[in-house]
Amino acid sequence: GCLRRFTPDVPNWDDPWQMLHSSGKTEYLVLSPNETNNGGTYEWTDNLQRAQENAKTFYNQTTKHGVFDGQPDQMQRIVGDSRDLIYFTEEGGQAAGVHARDHRGKFYTVLESPDYQDETTGLAFSPDGRFMYVAYQGVGILYAVHRIDGLPFQATPLDVKYHNSL
């Protein structure tokens, strides 16, 4: 789905929980990439349908190989080269995990679990990029993952499974 932004009518930082449940304006993100897909612009709109259609152009909902049968959730990128992978967690599915997309639009599975039919969340990286942290929400398990070769996650090559999009 699309990213939502809520702005309360009356911000009350003394009671932030109440502020999130008060009246306000909900807006949705619309992305407009440039011709080479290495940048672009964005805008916030109150048109949910427009934002949902826009989001569909940036998220692969299925693959020919591999499970990725949930929905994309959190996204994370290690700041660096524009060719780095964008990592994202999976909301639900039969074997939820962490997946990635490269600058050419190719999708990869970094890890997934056949044991947890749950949402992966809390995606973060250590400051040096050598550890990825991810949690399985329902069972409350947090993993610290590292590459066998000892390189940071933004280093190439990364030996992960490539997915052909339909």
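**Close-up views of the predicted model**

**View A. Arg130 pairs with Asp128**. Arg130 is partly exposed, at 36% relative accessible area; the class lies between buried, under 20%, and exposed, over 50% (1.4 Å probe, protein chains only). The closest N and O atoms of the two residues are 3.9 Å apart. A salt bridge here is a side-chain nitrogen of Lys or Arg within 4 Å of a carboxyl oxygen of Asp or Glu. That rule gives five salt bridges.

This is a predicted model, in which local features need pLDDT of at least 70 and side-chain atom pairs pLDDT 80 or more, while totals for chains, interfaces and linings use all residues. Residues are numbered from 1 along each chain as its sequence is written, and side-chain values use heavy atoms, without hydrogens and water.

**View B. Arg147 meets Asp149**. The side chains form a salt bridge of 2.7 Å, N to O. Arg147 is buried, at 8% relative accessibility. Asp149 is partly exposed, at 46%.

**View C. A salt-bridge network links Arg5, Lys25 and Glu27**. Glu27 and Lys25 meet at 3.7 Å, N to O. Glu27 is buried, with a relative accessible area of 11%. Lys25 is partly exposed, at 45%.

**View D. Three strands form an open sheet**. The order is β1-β2-β3, with antiparallel pairing. Strands (E, at least two residues) and helices (H or I, at least four) are DSSP runs, numbered from the N terminus. Edge strands β1 (4-8) and β3 (40-45) each have a single partner, so one side of each lacks a neighbour in the sheet. Neighbouring strands are turned by 30° against each other on average, direction ignored. Helix α2 (residues 48-56) packs on this sheet, touching β1, β2 and β3, and its direction makes about 35° with that of β2. Axes are lines fitted to C-alpha atoms, for helices over the stretch in contact, with angles from 0 to 180 degrees between N-to-C directions; contact means heavy atoms within 4.5 Å. Five bridges join β1 to β2 (residues 24-33). Arg4 stands opposite Tyr28 in β2. Two strands pair if DSSP finds at least two bridges between them.

**View E. β6 and β7 form a hairpin**. Five bridges join β6 (residues 97-101) to β7 in antiparallel fashion. Arg101 has Phe107 in β7 as its bridge partner. Five residues lie between the strands, and Gly105 in the turn has a positive phi of about 90°. Strand β7 (residues 107-112) is mostly covered, with five of its six residues buried.
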